Amino acid sequence: MEGDIVQMGAYIGAGLACMGMGGAAVGVGSIVGNYLSGALRNPSAAQSQTAMLFIGIAFSEAFGIFSFLVALLLMFAV
Amino acid sequence: MAAEAESETGLVFHPMEQFKIEPLFGEGPIHWYTITNQTLWMGIAVLVIFLLLVVGTSRRALVPSRIQSIGELAYGFVYKMVEDVAGKEGVKYFPYVMTLFMFIVVANFLGLIPTSFSTTSHIAVTVVMALMVFVGVTILGFVKHGIGFLKLFWVSSAPLALRPVLAIIEVISYFVRPVSHSIRLAGNIMAGHAVIEVFAAFAAILAIAPLSMLGIVAMYGMDMLVAFVQAYVFTILTCVYLKDALHPAH
C-alpha cells in the first residue's frame, strides 16, 4: 500500500463531493416537474416560459458542477 | 479478484488526458504565443462560423440554400432571444451576443468530433468570455444610469428591515456571476467528455464491452444536447445580465 493519509483524505473528499450532484439532480427535477405541471394546466403560456425554464435549470445545475469541480480539484490539484 | 482481472485486461482510465494542451509543432514549454491544439481548434471554429455566416449567405438567394437557411435560423433564433429577454433596447448589443453564441455552439460541436479537442472545456477560455460579459455589463450599467445602477442591489419590493441583508446577498450574487457563468459551461463540457472516456475504458473488458458501447452512444447523444443547451444558457444569461444593466431598478 503506497500513498499517505493526505492522499486518502483527498480521495474520500472527492467521493463525498459527488453527493452534491444528487442535490443538483433534485433541483433540476423539481424545476422541470413544476414547469411541466404548470405547462399542462395552461399550455398556451408554456411556450413563453421555456427561456425561464432553461435559466432555472442552469442556475440549479451550476451547483452540481461546482461539486464536480471540487472533486476534480481534490483529485488533481491538492 | 476484481483488481487482478483489471490488471490482466489492462484497464486504464485517463479521462483527463484528452484535455491536455500541447504545442502543435515540436515539444517544449508553452508561452502565450505558442500555437497549440487549443489555437488550432479555435481557429477551425472561427473558420466554420465564417463559412456558415459569410460564405454561406453570400448569394442571398430568395429561396435559401441549406447552408443559408441554417445561418438565417441561427440569426433569427439569437435575435428573438435578445429581443425577448433584454427588450428593444438590448437589440443594440445583438452583434456581441450573436458572436458569443456562434462561437460557443460551434466550438462545442467541434469538440464532439472524435479525436478533436474541445476548446470550451477549458476554464481559461470560458472565463475570458464570462469576464468580458461581466465587465462590459457593469461598465454599461454605470454609463447608462450613473450611480443609479446601484439600485440593482437595493430590492425596493422587500420590507425595509430586510433590504440591507438582501443588498449584501445581491452584491455577493453579482460577483459570483462570472464564476458560475464560466464554470457552468466548462464543467458541463468537461464532465460530458470525461464520462465518455470512462465508458470507453470499460470497453476493454470483453464481458461488458457491448454495454459500454451503448453507454458511449447514449452519452454522446446526451452531449449533443448539452453542447447546444449550454451555448443557449450562456447566451441567455448574457441577455439577462444585459437586461439588469439596462433596467437596474427592481
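Q: Where does L40(B) sit?
A: L40(B) is in helix α2 of chain B. Keep in mind that this is a predicted model.

Q: Okay, and is L40(B) buried, exposed or partly exposed?
A: L40(B) counts as partly exposed, because it has 14 C-beta neighbours inside 10 Å. The cut-offs are 20 or more for buried and 12 or fewer for exposed.

Q: How far is L40(B) from P23(B), in sequence and in space?
A: The two are 17 residues apart in sequence, and their C-alpha atoms are 9.9 Å apart in space.

Q: Let's jump to V165(B). Which helix is that one in?
A: V165(B) belongs to helix α6 of chain B. V165(B) counts as exposed, because there are 11 C-beta neighbours inside 10 Å.

Q: While we're on α6(B), at what angle does α6(B) pack with α7(B)?
A: The angle is about 175°, and the axes are 9 Å apart. α6(B) and α7(B) are therefore roughly antiparallel to each other. The residues of this contact divide into 16 nonpolar, six polar and three charged.

Q: And α3(B) with α7(B), parallel or antiparallel?
A: Their axes are 9 Å apart at an angle of about 10°. That makes α3(B) roughly parallel to α7(B).

Q: Which residues meet there?
A: On the α3(B) side you have V78(B), M81(B), V82(B), V85(B), A86(B), G87(B), E89(B) and G90(B). They meet T235(B), I236(B), C239(B), V240(B), L242(B), K243(B) and L246(B) of α7(B). By class, the contact of α3(B) with α7(B) has ten nonpolar, three polar and two charged residues.

Q: Where is R60(B), then?
A: R60(B) is in the loop between α2 (37-55) and α3 (66-90) of chain B. R60(B) counts as exposed, because it has 7 C-beta neighbours inside 10 Å.

Q: What about phi of T115(B)?
A: T115(B) is not a glycine, yet its phi is positive, at about 65°. You'll find T115(B) in the loop between α4 (94-111) and α5 (123-145) of chain B. With 5 C-beta neighbours inside 10 Å, T115(B) counts as exposed.

Q: Now chain A. What is its secondary structure made of?
A: Chain A has four helices and zero strands, so its pattern along the sequence reads α-α-α-α.

Q: How does its radius of gyration compare with a compact globule?
A: Chain A has 18 Å, whereas a compact globule of 78 residues would be near 12 Å. Along the principal axes, the C-alpha atoms of chain A fill a box of roughly 60 × 15 × 10 Å. Of its 78 residues, 12% count as buried.

Q: Which residues of α4(A) are buried?
A: In α4(A), the buried residues are A58(A), E61(A), A62(A), G64(A), I65(A), S67(A), F68(A) and A71(A).

Q: What do the buried residues of α4(A) pack against?
A: They pack against α1 (5-17) and α2 (19-41) of chain A, together with α6 (163-202) and α7 (209-246) of chain B.

Q: What span should α4(A) have?
A: At 1.5 Å a residue, its 28 residues (50-77) should span 40 Å. The end C-alpha atoms are 38 Å apart, which agrees.

Q: How do the axes of α2(A) and α4(A) cross?
A: The axes cross at roughly 170° and come within 7 Å. That makes α2(A) roughly antiparallel to α4(A). Residues making the contact include G20(A), A24(A) and Y35(A) of α2(A), and L53(A), G56(A) and F68(A) of α4(A). By class, this contact has ten nonpolar, seven polar and one charged residues.

Q: Last one: how many residues of chain A are in contact with chain B?
A: Eleven residues of chain A are in contact with 15 residues of chain B. The chain A side divides into ten nonpolar, no polar and one charged.

Key
Residues are numbered from 1 along each chain as its sequence is written. Chains are lettered from A and ligands numbered from 1 in the order in which they are written. This is a predicted model: local features need pLDDT of at least 70, side-chain atom pairs count only at pLDDT 80 or more; totals for chains, interfaces and linings use all residues. Helices (H or I, at least four residues) and strands (E, at least two) are DSSP runs, numbered from the N terminus. The expected span of a helix is 1.5 Å times one less than its number of residues. Two residues are in contact if their C-beta atoms, placed from the backbone, lie within 7 Å. The radius of gyration is taken over C-alpha atoms; the globule rule is 2.2 Å times the number of residues to the power 0.38. Axes are lines fitted to C-alpha atoms, for helices over the stretch in contact, and angles run from 0 to 180 degrees between N-to-C directions. Angles under 35 degrees count as roughly parallel, over 145 as roughly antiparallel, 65 to 115 as roughly perpendicular and the rest as oblique. Ala, Val, Leu, Ile, Met, Phe, Trp, Tyr, Cys and Pro count as nonpolar, Asp, Glu, Lys and Arg as charged, and the others, Gly among them, as polar.
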